Amino acid sequence: MRVYFRNAKDNKHICLEEFRFAARFMYLLLVSEREHDKTTLHVNFSSLKRTLHGAAISIGDEKYPKKFAIVINHKLKRKGQLLTLAHELVHCKQYSRSQLRHVFDRKIKDYRLQFETKVYNEERVSYWDLPWEVEAHGREYGLYHRYEHFRKQYGLFPQRKTPTLRKRRGPSGQLRHGRGKSRG
Ligand SMILES: [Zn+2]
């Protein structure tokens, strides 16, 4: 899988090398090696509202698309970003098999999402009942967990322990927190 990044310099929580590796690892748990090799993924790190973790779309209008763009909220910490990556990759898998696709509805003159054989009205069905979300939420943790297990087993991308909130003196002599939300 080819993986391209946008706005990567804004991401302070995970290094790109690891993100690319994790994307490939997790996608191989979802699709065949052949399918994986044909896939291109564009990752856009973006500043979204806290409640919005990410999004996925397919590029082009083939029945079985192989190019995808995902958005990852770079405000999320490493674990949150990896869980979001796993979630969005499940949607990529759904698009690539045409399980999930956009269909034009002439009545409303707009697109709706179809999953398997059924077209859904997202205004009438709760997000949590949409079958493509049920699958993505159901699989995200397992994909993340297996990635973490593999990474630790082979000592890849060692993580520093999360620093405990300790205070140190900044250049101006004022107390500053070692890490955290407050910057400057
Ligand atoms: Zn989703």
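Helices and strands are here DSSP runs, a helix having at least four residues and a strand at least two, and they are numbered from the N terminus. In this predicted model, the elements of the protein chain follow one another from the N terminus as β-α-α-β-β-β-α-β-β-β-α-β-β, which comes to four helices and nine strands. Of the 184 residues of the protein chain, 24% count as buried.

**Sheet**

- Four strands form an open sheet with mixed pairing, and their order across the sheet is S1-S2-S4-S3.
- Strand S1 (2-6) and strand S3 (54-58) are the edge strands, each pairing on one side only, and from one strand to the next the twist averages 20°.
- S3 runs antiparallel to strand S4 (residues 67-73), with which it pairs over five bridges; Gly-54 has Ile-72, in S4, as its bridge partner.

**Nonpolar core**

- The largest nonpolar core has 27 residues, and those with the most contacts inside it are Ala-22, Ala-23, Met-26, Ile-70, Leu-85, Ala-86 and Leu-89.
- At least two residues of this core are supplied by each of helix H1 (16-28), strand S2 (40-46), S4, helix H3 (78-96) and helix H4 (131-153), and the largest share, seven residues, comes from H3.
- Leaving aside residues up to four places away in sequence, Leu-85 touches Ala-22, Ala-23, Met-26 and Ile-72.

**Contacts along the chain**

- When contacts in the protein chain between residues at least 6 apart in sequence are considered, 59% of them join residues at least 24 apart.

Terms used
Residues are numbered from 1 along each chain as its sequence is written. This is a predicted model: local features need pLDDT of at least 70, side-chain atom pairs count only at pLDDT 80 or more; totals for chains, interfaces and linings use all residues. Two strands pair if DSSP finds at least two bridges between them. Axes are lines fitted to C-alpha atoms, for helices over the stretch in contact, and angles run from 0 to 180 degrees between N-to-C directions. A nonpolar core is a set of buried Ala, Val, Leu, Ile, Met, Phe, Trp, Tyr and Cys residues joined through C-beta atoms within 7 Å. A residue is buried if 20 or more other C-beta atoms lie within 10 Å of its own, exposed if 12 or fewer, and partly exposed in between; C-beta atoms are placed from the backbone. Two residues are in contact if their C-beta atoms, placed from the backbone, lie within 7 Å.
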